[in-house]
Amino acid sequence: MHPSYVGRFAPSPSGPLHLGSLVSALASFLDAKHHGGKWLIRIEDVDSQRCKPAHSIDILDTLASYQLTSDAPVLYQSQQTERYQSLIDELIRQNLVFPCQCTRQELKHLNGPHTHICSSDIKKPHAWRLISHNKDISFLDKRQGMQTQNPLQQIGHSIIKRKDLDYAYLLAVVADDHFQSITHVVRGCDLLDTTAAQINLFNTFEWNVPQYCHIPLVTDDNQLKLSKQNHAPAIPKANLETLKHALTLLNQKIGPQQTIQTTLDFAIKNWSLARV
Ligand SMILES: [Zn+2]
């Protein structure tokens, strides 16, 4: 048991909940509950262009119809911008970031990540990039094993605030994992490559780094990741067969239970990360 376990599911409301996101939600929920921990929901709506409040409502309704509810009030990233800005101000004060005005065209000509520190006129619109150092970061992923990544070589100096004034995912996700005292992150493998950059930012702020676990992605018949971009269909609400299908995709034991609550209770009791 981990009495201090705090897990989370953090969907971005750019479309309805699909089977791939239900599988991710379940994996993080079951791992938290199996360990006697808390499970929180965070709406990652920091990208104001792509995210719609109607999708947030629908995602939360769908999760609730599967008895997946947050143990603390749902946190909306769109309401956290003051906190994000104070962190950026702190990084500016400590010279840990630099302004970048590179155009799309200039970035294209780099033929790879943005690994240099560019010069900018701070009076004109600019993004902020976090300075990454050329060093390997290793971490033990509970599902993928030992990982070594070099954020500078792999993704360059990452944007933490965009030119359009929206805060970047990297800043928001690390700021909120810290703010919500998240101890365990269970999420899809598509985010594995971003993990060392996140650890780098945790280390910059001298915050505790959560334990990471990246689970295999659910793919469609063409081996494409189920995603909003690939137009994965919305799942029905409160559908026992859908829940059992998601548990099958996680390779978990399915009991003979006939309701969503009892099926979920059985899955919590019998949860095995090793089987995923
Ligand atoms: Zn630049």
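Predicted model: local features only at pLDDT ≥ 70, side-chain atom pairs only at ≥ 80, totals over all residues.

I then looked up the atoms themselves: the zinc ion is coordinated by SG of C100, SG of C102, NE2 of H114 and SG of C118, at 2.2 to 2.3 Å. The angles among these four donor atoms run from 101 to 122°, and the site is tetrahedral. For comparison I noted that the ideal angle for four tetrahedral donors is 109.5 degrees.

Next I asked where C102 and C118 lie. C102 sits in the loop between β4 (97-100) and α4 (104-109), while C118 sits in the loop between α4 and β5 (127-130), so the pair ties together parts that are 16 residues apart in sequence.

I moved on to strand β2 (residues 38-43), where five of the six residues are buried, so the strand is largely enclosed by the rest of the structure. On one pairing, β2 and strand β1 (residues 6-9) run parallel over four bridges, with F9 opposite I41 of β2. The chain passes from β1 through helix α1 (residues 19-34) to β2 in a right-handed β-α-β crossover.

I then followed β2 to strand β3 (residues 75-76), which is parallel to β2 and joined to it by two bridges; I43 has Y76 in β3 as its bridge partner. Together with helix α2 (residues 53-65), β2 and β3 form a right-handed β-α-β unit.

Notes. Residues numbered from 1 in each chain as written. Heavy atoms only, no water. Donors = N, O, S within 2.8 Å, 3.2 Å for Na, K, Ca; no water. Tetrahedral: all angles 85-135°; square planar, octahedral: opposite > 155°, others 65-115°. Buried < 20%, exposed > 50% of the residue type's maximum accessible area, 1.4 Å probe, protein only. Pairing = 2+ DSSP bridges. Right-handed = clockwise from strand over helix to strand, strands pointing away.
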